[in-house]
Amino acid sequence: MAIVKPFKAVRATRDKVSLVSSRSYEDYTPAELGAQLDFNPYSFLHIINQGYKHQREVSDTIRFGNVHKKYNEFKEQEIFIKDKNPAYYIYKKITPQHTFCGIIAATSIEDYLNNTIKKHEGTLHKREELFENYLKATGFNTEPVLLTYPDNDEIQNIIQNIQKERAEYEFTSNDKKSHLLWVVNDPKDVEALENAFQKVESIYIADGHHRSASSHLLLQDFSKDNEQHTGEEPYNYFMSYLIPESNLKISEFNRLIKDLNGLSTSDFIEKLSEWFFIENLGQQLFKPDEMHTFSMYLENDFYKLSLKKEHYKFTDPLSELDPQILFDTVLNPILGIEDLRYDTRISYFNGKNDGVHLKNGVDTGEYKVAFGLYPVSVQQLKQIADANLQMPPKSTYIEPKLRSGITIYEFTE
């Protein structure tokens, strides 16, 4: 039984939301970031990325405190307002390739702990603590954890009926993507959604494992310091965007390696042949079209690598995962890469584009060899989570990516 609650979001006014909302500041080039901050006084980037003109090292305490101060300034200027009644928020994002539609809500940290909300990635405690300190200092979160649930006709029918009404927000961002938001605060609709989610047995984290873990740390700290703790305070929940699994889009992360670990090209290919059937495709661009098949670009040629399944044993859902197979057969034993998070010899590029970026990375001389993977499926993600296993880092690039500043979750009333 999943606990999915409405909450009182802080939101930009209807006339300013298109100016306020932003992509993650890491997605902007320095020139784009500068232009946004120079010419758009309402951008959420003013809150989360201050001091861009005079970048200097400051402590996290000072930086997070400045975020809190700027956020309060936006509220005082009534750029942001807080909803008076708890609500669910139906958010639709339309791109040239896909339409995503789900529900922004408050999900229970208790469900995170009892494994109703299931995980497929490990987390770094240092990053958990850093984000917890950020949440504690700023008092809000604007990046929902992306959750997915099995397709559900009851929830879908409620969503479709609500969308017959006019959206509260409807705007197109500079990247030519459309955004619509419906505020669901009618008591009948709220009750219907809450009851429908109570029938959902399991929800899966698609993206946001560190944000979820950090919210758990925040709950521990706040509840310990609150003598009147009831379990219903906002810090008992975290903001999430819940989307049916058929509406989730998963792309691969490809791997680029800087050297062959001292091997000659012929020796490297010979070692690969122990695990793979190898087909040299020359300059023919190749992108894997099925599981357990990989592309490789090496010295001006594309190769198709097909796993020799009689040599490789599938023992659990993790062993069937292509990022794990590549690590177990190539990256670790042949190329000597032991730590996928920190080894500087490996880089990752998401597979939203074709294989040209792999070719370019090798042709420029920055990398020696590149591997393209087939995307992990939603079913594989669920199998990993159900088995309490963890995917290798950078196994999935998951969409949708949400804009900051559309809905904001505060941890105090």
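## Strand E10 and its partners

Let's start with a pair of strands: E9 (residues 169-172) and E10 run antiparallel and are joined by four bridges. Two strands are said to pair if DSSP finds at least two bridges between them. The labels come from DSSP runs, numbered from the N terminus, with helices (H or I) of at least four residues and strands (E) of at least two. Across this pairing, Glu170 has Leu180 in E10 as its bridge partner. The hairpin of E9 and E10 has five residues between the strands, and there Lys176 takes a positive phi near 65°.

A word on what you're looking at: this is a predicted model, where local features need pLDDT of at least 70 and side-chain atom pairs count only at pLDDT 80 or more, while totals for chains, interfaces and linings use all residues. Residues are numbered from 1 along each chain as its sequence is written, and side-chain values use heavy atoms, with hydrogens and water left out.

E10 (residues 178-184) also pairs with strand E4 (residues 88-94). Those two run antiparallel, with seven bridges joining them, and Tyr89 stands opposite Val183 in E10. How much of E10 is buried? Five of its seven residues are, making the strand mostly covered. Here buried means under 20% relative accessible area, exposed means over 50%, and partly exposed is in between (1.4 Å probe, protein chains only).

Helix H11 (322-331) is another part to look at. Nine of its ten residues are buried, so the helix is largely enclosed by the rest of the structure. Among the buried ones are Asp322, Pro323, Ile325, Phe327 and Leu331.

## Rings that meet

The model holds 19 aromatic pairs. Rings of Phe, Tyr and Trp (its six-membered ring) pair if their centres lie within 6.5 Å; planes under 30 degrees apart count as stacked, over 60 as edge-to-face, and the rest as tilted. Phe222 sits in helix H9 (residues 209-225) and Tyr235 in the loop between H9 and strand E12 (237-244), so the pair ties together parts that are 13 residues apart in sequence. Phe222 is partly exposed at 21% relative accessibility, while Tyr235 is buried at 6%.

Trp275 and Tyr312 make another edge-to-face pair, because their ring centres are 6.2 Å apart and their planes are at 75°. Trp275 lies in the loop between helix H10 (265-272) and strand E15 (276-282), and Tyr312 in the loop between strand E17 (301-307) and H11, so parts 37 residues apart in sequence are tied together. Trp275 is partly exposed at 25% relative accessibility, and Tyr312 is buried at 8%. Elsewhere, Phe44, Phe64, Tyr71, Phe74, Phe80, Phe131, Tyr134 and Phe140 form one aromatic cluster.

## Charges over rings

Rings also meet charges. A charge sits over a ring if NZ of Lys or CZ of Arg is within 6 Å of the ring centre and within 35 degrees of the ring normal. The charged end of Arg23 does this with Tyr28, at 4.1 Å from the ring centre. Lys119 lies over the face of Tyr112, 4.3 Å from the centre of that ring.

## Backbone details

Which peptide bond is cis? The one from Glu399 to Pro400, with omega near 20°. Pro400 lies in the loop between strand E20 (397-399) and strand E21 (409-410).

Asn115 has a positive phi, near 75°, without being a glycine. Its place is in the loop between helix H5 (109-113) and strand E6 (117-118), and Asn115 is partly exposed at 24% relative accessible area. Glu299 isn't a glycine either, yet its phi is positive at about 50°. Glu299 is in the loop between strand E16 (293-298) and E17, partly exposed with a relative accessible area of 41%.

On a 1 Å grid over the protein atoms alone, a cavity is a set of points where a 1.4 Å probe fits but cannot get out, and lining residues have an atom within 4 Å of a point. Grid points are joined across faces, edges and corners, and a volume is the space filled by probe spheres set on the points.

The second largest cavity has a volume of about 40 Å³. Its lining is made up of Tyr91, Ile104, Thr142, Pro144, Leu402, Arg403, Ile406 and Thr407. Those residues divide into five nonpolar, two polar and one charged, where Ala, Val, Leu, Ile, Met, Phe, Trp, Tyr, Cys and Pro count as nonpolar, Asp, Glu, Lys and Arg as charged, and the others, Gly among them, as polar.

Methods:
1 Å grid on protein atoms, 1.4 Å probe; cavity = no way out; pocket = protein on both sides within 12 Å on 5 of 7 lines; lining within 4 Å.
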